[in-house]
Amino acid sequence: MSSALKPRNTREAEDAIKWAAAEEQPIEIIGQGSKRSLGRPVQTAHILDLSDLNGIVSYEPAELVLTVLAGTPIADVEKLVDENGQELSFEPLDYGPLFGQPAGQGTIGGVLAANLSGPRRVKAGAARDHILGMEAVSGRGEIFNSGGKVVKNVTGYDLPRALCGSFGTLAVATTVTLKVNPKPETSATFQLEGLDDATAIKALCAALGSSAEVSGAAHLPSDLNGAASRTVLRLEGFSTSVDYRFKTLEKLLGAYGSVSRLVEAQSVELWRSIRDVFSITDGTAPVWKVSVAPTSGPELVRLLKEQLNIRAFYDWSGGLVWISCDDGADHSEAIRKAVKQSGGGHATLVRGEPSVRSSVDVFQPQPKPLEALSRRLKEQFDPKGILNPGRMLAGG
């Protein structure tokens, strides 16, 4: 049975990791445990539970800066900034429903460890682009601080960005400082119906290249729910600006088909469902997240549908394709082959049984030079290999 270590502050986290390193005892890092099914399964005798590292260290709304302990629920963070008319602009997705768990269970540390970003990434960037500073403990049991509390920050080697997306395999973040942004006054969604995948992606790319300042661009094919396909573009800001930009899109895309508008409440609901992959959360079928060049997405899906029973939809103007393998098989070889044939990209198995995630490459295999660099980075931060061993790579 696993034993849990529950630090209440950075010093206690340092002590726990120093002990694990000295005894060469691997440890699994968790917050609320909402993303334990993400990545390769981790088998350890000990768990470093960060749920007691919970709370707001400082919040300066006028300065757009928030410092928070890593185990703080993301729902609490979003509620706090929303009450102050602000938001986390990278719009972190919630994997809970995809894994059959309640929504709102993740922590800010887990969000950053997995670099989770939602539809607004096309405008605001990824989670790592919003980190200003971090206090963390390396696998050596050494505390380090990087970055700071200012938006314009030059520190040389950007450790917070390097650690974001490392899934807790390099260091354990205990405190993070983020930039927040004013929340838009309103939002609306520009919608076209009935477009095929390739035409829809052309429309989305045209919109993103325009002056409309789109903050979400997705295509939901007809086979998701049996209704007509929907090609949707989100507009956010002051109401007069949203109205003007909606008209801009009407002029640009009106020839593609019938245009309709979703008002704020409908728009918010739609983009939350896109963010959290609601259209393919039903059941337990393997789910893949594939990053490609936007114009390559339709070809990827076409190649796969010729041989597999899948459902798919497009986010990030086609640059992100979510794929559900509805026959229950993971099809890792076929999917990675199709990615290569359609122009290249990265395929990640997001949902799969533990036995599957143990036997396939969950993350896209790296080119040899990059793999060597990653292993050197691991050796520098965690030479004993005690932090989340095997989460990203077998034996690493």
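Which strands does helix 1 lie across? Helix 1 (residues 10-23) lies across strand 1, strand 2 and strand 3, and runs at about 160° to strand 3. For that angle, axes are lines fitted to C-alpha atoms, for helices over the stretch in contact, and angles run from 0 to 180 degrees between N-to-C directions. Contact here means heavy atoms within 4.5 Å.

A quick word on the ground rules. This is a predicted model, where local features need pLDDT of at least 70 and side-chain atom pairs count only at pLDDT 80 or more, while totals for chains, interfaces and linings use all residues. Residues are numbered from 1 along each chain as its sequence is written, and side-chain values use heavy atoms, with hydrogens and water left out. Helices (H or I, at least four residues) and strands (E, at least two) are DSSP runs, numbered from the N terminus.

An open sheet is formed by 3 strands in the order 1-3-2, with parallel pairing. Strand 1 (3-5) and strand 2 (27-30) are at the edges with a single partner strand each, so one side of each has no neighbour in the sheet. From one strand to the next, the twist averages 30°. Two strands count as paired if DSSP finds at least two bridges between them; strand 2 and strand 3 (residues 46-49) have 4 bridges, in the parallel sense. One of the residues involved is Ile-30, whose bridge partner in strand 3 is Asp-49.

The loop between strand 2 and strand 3 holds Thr-44. Thr-44 is buried, at a relative accessible area of 15%. (Buried means under 20% relative accessible area, exposed over 50%, partly exposed in between, with a 1.4 Å probe and protein chains only.) A polar atom of the Thr-44 side chain lies 3.5 Å from the backbone nitrogen of Glu-28, and one lies 2.8 Å from the backbone oxygen of His-46.

Now for helix 8 (residues 264-275).

Which residues of helix 8 are buried? They are Ser-267, Leu-270, Trp-271, Ile-274 and Arg-275. These cover an arc of only 135° around the axis, which puts them on the same side of helix 8; the arc is that of the directions from the helix axis to the C-beta atoms. An α-helix has 3.6 residues a turn, so residues three or four places apart point the same way. The face turned away from the buried side of helix 8 carries exposed Ala-265 and Glu-269. Among the elements covering the buried residues of helix 8 are helix 2 (74-83), strand 11 (186-193) and strand 16 (310-315).

Most residues other than glycine have a negative phi. Val-277 is in the loop between helix 8 and strand 15 (287-292), while Asn-388 is in the segment after helix 12 (368-381).

| Residue | Phi | Relative accessible area |
|---|---|---|
| Val-277 | about 60° | 1%, buried |

Finally, Glu-60 lies in strand 4 (residues 56-60) and is partly exposed, with a relative accessible area of 33%. Glu-60 and Asp-276 are 216 residues apart in sequence and 29 Å apart in space, C-alpha to C-alpha.

Conventions
A polar contact is a pair of N or O atoms within 3.5 Å; within protein, one must be able to donate a hydrogen and the other to accept it, and residues adjacent in sequence count only if both atoms are side-chain atoms.
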